[in-house]
Amino acid sequence: MKTVSAHGANIPVLGLGTWTLKGDDCVEMVRAALDAGYRHIDTAIMYDNEEAVGEGISAGGVARDDIFLTSKVWYTDIGAGALERAAEASLKRLGVDHLDLLLIHWPNPQIPLADSIAALNRVKKQGLTRHIGVSNFTTRLLDEAWALTDEPLVCNQVEYHPMLDQSKVHAACRARGMAMTSYCPLGRGGDVFEAAPVAAAAEAHGKSPAQIVLRWHVQQDGVVAIPRTSKPSRLPQNADIFDFELTDAEMAAISALRSANHRICDYDFSPDWDSVAA
């Protein structure tokens, strides 16, 4: 599978997002994803499914070195000492001796960013993870994080789809040689599938709207998509996006949906932490 190269990390451009997957259903989805050819699995401590993800990896029969495994530390645990303990606990739940990528899940204005980035550097130097990065960081926070880190940050994971403009964050990531990983890459609620440029491209290429949107993601420079599904039958469908290319005109038309919907996601936010979902 095609990969994005970022500071020594080779990240498969398509991965399985596991948010909301639990228990045996999660085990089966991870196993089925590996069987379908996925080699990138994304989880997080907050998802409360790391044990199930680890069981799915064990059941999948794919060599650990062939899987790119990402987890994320929740915003309450990104201080000095706490982040290291969280990473160690994450490895124990997953049943692995290292992660391929560990991310700060959300920034926390109550914890100095210098402390969080220093702790993230330490877990890499200790061998708990091969690579480090962040999630839900704005361009301003990326500037601050890069000024503080000794080790390269390889990824910023953010919500991104044709109805949400992340062009500023994307540009900031590429300027630093970082990947940008899209969670909720198919949008929320299915509106994107009904958009005229997506429907037209689906008809032209004989693909589903979901396949068109995922192709739009991976055809962009440095973008990785991690769609979540609870239906094993959709796994091979989502992965069947490497036998065609969108034209420049199709890419531009789908990208234009971002500005048309006026949702630009580069702001200094203070989330309602109780309602944060991803």
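Is Glu50 buried or exposed? In this predicted model, Glu50 is buried, its relative accessible area being 2%.

**Confidence**

The mean pLDDT of the chain is 93, and 93% of the residues reach at least 70. Residues 262-278 have a pLDDT below 50, and this stretch makes 40 contacts in the model beyond near neighbours in sequence.

**Salt bridges**

The whole structure contains 14 salt bridges.

| Pair | N to O distance |
|---|---|
| Arg93 and Glu50 | 2.7 Å |
| Asp100 and Arg130 | 2.9 Å |
| Lys124 and Glu151 | 3.0 Å |

Arg93 is partly exposed, with 29% relative accessibility.

Asp100 pairs with Arg130. Asp100 is in the loop between H3 and strand E6 (101-104), whereas Arg130 is in the loop between helix H4 (113-125) and strand E7 (132-135); the pair therefore ties together parts 30 residues apart in sequence. Asp100 is buried at a relative accessible area of 3%, while Arg130 is partly exposed at 43% relative accessibility.

Lys124 and Glu151 form a further salt bridge. Because Lys124 lies in helix H4 and Glu151 in the loop between helix H5 (139-148) and strand E8 (153-159), this pair ties together parts 27 residues apart in sequence. Lys124 and Glu151 are both buried. Salt bridges with shared partners also join Arg64, Asp100 and Arg130 into one network.

Technical notes
Residues numbered from 1 in each chain as written. Predicted model: local features only at pLDDT ≥ 70, side-chain atom pairs only at ≥ 80, totals over all residues. Heavy atoms only, no water. pLDDT = per-residue confidence, 0-100. Contact = heavy atoms within 4.5 Å. Salt bridge = Lys/Arg side-chain N within 4 Å of Asp/Glu carboxyl O. Buried < 20%, exposed > 50% of the residue type's maximum accessible area, 1.4 Å probe, protein only. Helix = DSSP H or I, 4+ residues; strand = E, 2+ residues; numbered from the N terminus.
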